[in-house]
Amino acid sequence: MKIGNLEIKRTAALAPMAGVADSAFRRICKQFGAAYLVGEMASAKGMHYSDRKTAELLGVSDEERPVAVQLFGDDPELIAEAAKKALDYRPDVIDLNMGCPAPKIAGNGGGSALMKNPTLAGKITEAAVKAVDLPVTVKFRKGWDNEHVNAVEFGRIMQESGAAALTVHGRTREQFYAPPVDLDIIAAVKAAVSIPVIGNGDCDSIQSVINMYDYTKCDLVMIGRGALGNPWIFRQVDQFLADGTVLPLPPLEERMAVMLRQFSLACEQKGEYGAMREARKHAAWYMKGVRGAASLRRQAGTLCTLADARALAEEALRLNPEEAVLDKPSNEEEER
């Protein structure tokens with residue numbers, strides 16, 4: 001598929017996830033075959049008043065390409081200004097977030113709140129398109145709630161405003177991340193516009209990715225939470241689409257090595273103190289399905305140093321000397 005003149009392999013992309021999809025995680029996902037990456041969202045208003053966190057949120061490496069940076073806000077002028085500033089970080093695409101359901105974002109008029117004002121959303125997109133020479137894309141949802149499902153109309157307006165591609169998350173804002181994902185609405189947006197459409201929502205396995213492609217006819221599938229602690233999902237999807245081979249889960253030793261590599265990259269970028277506190281949730285995700293997961297997750301919640309992370313990996317391997325991994329955690333562990 002193409003976004004503007006940017007060619008992207010039609011396998012699976014990594015979704016933007018605030019507080020999760022930092023450069024370290026994106027680089028790991030890219031190494032495992034993610035076709036396209038979108039970084040953490042940055043506030044256009046925040047960039048106007050202070051650049052304190054901009055470099056951390058918008059900084060990309062050549063290893064990540066093709067990669068987009070994501071902006072959010074409800075003021076066309078500030079979005080245009082932020083898009084110009086974002087060029088300093090050399091992204092391939094500028095993505096506009098109009099789907100975030102978080103109260104602190106939507107409650108202030110940004111993210112999914114823009115779905116209640118398609119006219120303003122169109123002006124924001126048009127301002128960004130006029131401000132930069134890069135492709136501008138828009139990520140949005142099914143609608144605000146079930147009484148206001150307007151993704152098709154919204155998608156058409158974004159296309160008319162100059163968007164180069166659309167990403168549709170098949171849930172309303174009211175749902176947040178609760179099931180079900182509406183594949184019909186993604187298919188309807190795809191049928192209504194002529195620019196590429198990326199499908200997003202509950203893609204956490206080869207089968208769910210294939211189903212998204214087959215049912216919606218979307219141009220690319222985007223994986224979000226399904227990649228947490230599971231970056232090899234991109235390699236599995238890539239291989240299956242290439243020749244139908246279903247690759248097994250990597251052995252635990254490899255998974256622990258990947259986890260430590262991610263944390264090491266994060267420490268290089270952010271410093272050990274901040275990076276390891278953010279790593280706690282990632283470590284817990286990496287323990288999913290491992291024997292002793294409940295106690296390992298508790299240990300993950302105490303990580304402060306890379307040495308602590310190495311100790312966690314060693315404990316996981318000690319509890320699984322034969323590197324056996326259960327398909328699913330036991331009910332007892334889930335309840336804990």
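**Salt bridges and a buried helix face**

Tutor: Let's start with glutamate 278, which is partly exposed at a relative accessible area of 29%. Keep in mind that this is a predicted model.

Student: Okay, which side chain does glutamate 278 meet in a salt bridge?

Tutor: Side chains of opposite charge can pair when their charged atoms come close. Here the N to O distance is 2.5 Å, and the partner of glutamate 278 is lysine 270.

Student: Which aspartate also forms a salt bridge with lysine 270?

Tutor: The closest N and O atoms of this pair are 2.7 Å apart. The link joins distant parts of the chain, with lysine 270 in helix α11 and its partner in the loop between β3 and α1, 248 residues apart.

Student: Which residues are linked with arginine 65 in a network of salt bridges?

Tutor: One of them, aspartate 92, is buried at 18% relative accessible area. The residues networked with Arg65 are Asp62, Arg90 and Asp92.

Student: Switching to helix α13, what arc do its buried residues fall within?

Tutor: The buried ones are Ala293, Ala294, Leu296 and Ala300. Looking down the axis of α13, they line one face of the helix, because they fall within an arc of 165 degrees.

Note on methods: Residues numbered from 1 in each chain as written. Predicted model: local features only at pLDDT ≥ 70, side-chain atom pairs only at ≥ 80, totals over all residues. Heavy atoms only, no water. Buried < 20%, exposed > 50% of the residue type's maximum accessible area, 1.4 Å probe, protein only. Helix = DSSP H or I, 4+ residues; strand = E, 2+ residues; numbered from the N terminus. Arc of directions from axis to C-beta. Salt bridge = Lys/Arg side-chain N within 4 Å of Asp/Glu carboxyl O.
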